[in-house]
Every structure is written in C-alpha cells, then in structure tokens.
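My notes follow the display.

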Amino acid sequence: MIRYSIEFSNLKKGFLLIEVLIYLALFGIIVGGSVSVFYSLLESSEKVNKDALVSNEAEFILGKINWMLSGSVIIEEPSPGESGNKLSLVKNNFPDNPLVLEKVDDDILLQRGGDEANILNNSLIRIEDLNFENIIVPTVPEQNILRASFVIASTTYHTSRLIHE
C-alpha cells in the first residue's frame with residue numbers, strides 16, 4: 001500500500017496583504033457610517049434644544065406683553081394710529097407706573113417706574129425685531145387695538161389686545 005503524506009509546512013500562516021486591506025476597508029466603512037450617524041444625531045439634538053429655547057422665550061415674552069396689557073391701561077406710546085418699537089403704558093392700581101417695553105440692540109427691556117430696565121430675553125436669544133401698533137377702532141370710540149409683534153430666529157410672534165381707555 002502506498003501512503004501519501006501531505007506536508008502543510010509549505011502553506012503560509014496568517015493573512016495575506018489583500019485580506020488585511022479588505023478588512024481595513026470594511027472597518028473604515030463601518031466606522032465612517034457610525035460617526036456620520038452620531039454627528040447627525042448631535043446636530044438634530046442641538047436643533048431641537050434651540051427650537052425649544054426659542055419657543056419658551058417667545059411664550060415668556062408674549063406672557064409679559066399680555067400681562068402689561070391686562071386690566072385697565074392707558075397707552076402713552078405709541079400714540080393712536082401710530083406704531084413703533086417702544087410700548088409705554090400706565091396700569092390702573094399698579095404702583096410701578098409707567099411700564100416701558102422696548103428693543104435695545106438685540107434685547108427686549110422692561111422698565112417699571114423709575115427703576116433700571118431689565119432684560120427680558122435669554123442672553124442666547126437674539127431679538128431681531130419688535131413692533132407695537134396702536135390701531136384705532138373707528139366704530140367704537142375710546143377703544144383701540146394694540147398689536148405687538150417680535151421676531152426671534154426668523155419666526156414672528158404676535159399678540160393683539162383690545163384696549164379700553
């Protein structure tokens with residue numbers, strides 16, 4: 001009987017260069033995809049946080065404007081039929097008159113009486129525009145509509161209130 005013996009000593013142990021290159025390319029594709037997904041999640045999270053901050057800030061400012069206009073008030077500025085970036089009013093039965101709301105630089109300031117003005121908006125929020133319009137209602141004497149609007153992050157927010165003077 002004839003025996004055949006095969007020697008495996010001539011076979012190479014380990015990986016060939018082409019195999020290593022293929023594995024490195026696959027690893028690079030996987031890592032690259034993972035990194036791009038990670039960065040897109042971070043950007044998405046930052047956008048959601050910024051949108052929430054802008055929304056909360058707008059609600060706060062609208063709330064302050066509506067508070068100022070609540071109850072019986074006398075609008076000093078803007079005059080009836082005019083508009084401007086400053087609202088000055090006197091609230092009945094309020095000790096810190098007049099109340100003044102205006103845009104200075106990128107901020108909205110609220111001044112109560114003779115006190116120093118306070119910044120209403122967050123330092124991260126830039127107020128692009130602020131406008132108050134005192135609209136005359138021709139059919140009802142001694143009643144005006146005050147329309148307030150402001151712009152944050154290219155979004156306009158507004159509120160209107162019927163004023164009985």
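**Strands, a helix and a patch**

I began with strand β8 (residues 143-152), which is joined to β9 by 10 bridges, the two running antiparallel. I note that the model is a predicted one.

Next I looked up the sheet that holds these strands. I found an open sheet of four strands, in the order β2-β7-β8-β9, with antiparallel pairing. β2 (83-84) and β9 (155-164) each have a single partner strand, so they stand at the edges and one side of each has no neighbour in the sheet.

I then checked what lies across this sheet. Helix α1 (residues 17-69) lies across β7 (127-136), β8 and β9, and runs at about 15° to β9.

Which residue did I pick in helix α1? I picked Val 20, which lies in that helix. Is Val 20 buried or partly exposed? Its relative accessible area is 33%, so I wrote down partly exposed. Val 20 also belongs to a nonpolar surface patch, with Phe 15, Leu 16 and Ile 29 among the other members. Together the patch residues have about 1,200 Å² of accessible area.

Last, I went through the hairpins. β4 (residues 99-104) and β5 (residues 107-112) pair antiparallel over six bridges, and Leu 99 has Arg 112 in β5 as its bridge partner. Two residues sit between these strands, and Asp 105 takes a positive phi near 60° in this hairpin.

β5 is also joined to β6 (residues 118-119), by two bridges and antiparallel. Here Leu 110 has Asn 118 as its bridge partner. The hairpin of β5 and β6 has five residues between the strands, and in it Gly 113 takes a positive phi near 60°.

Note on methods:
Residues numbered from 1 in each chain as written. Predicted model: local features only at pLDDT ≥ 70, side-chain atom pairs only at ≥ 80, totals over all residues. Heavy atoms only, no water. Pairing = 2+ DSSP bridges. Contact = heavy atoms within 4.5 Å. Axes fitted to C-alpha atoms, helices over the stretch in contact; angles between N-to-C directions. Patch = residues over 30% accessible without salt bridge, like charges linked within 9 Å, V, L, I, M, F, W, Y side chains within 5 Å. Areas by Shrake-Rupley, 256 points an atom, 1.4 Å probe, with all protein chains shown as cover. Salt bridge = Lys/Arg side-chain N within 4 Å of Asp/Glu carboxyl O. Buried < 20%, exposed > 50% of the residue type's maximum accessible area, 1.4 Å probe, protein only.
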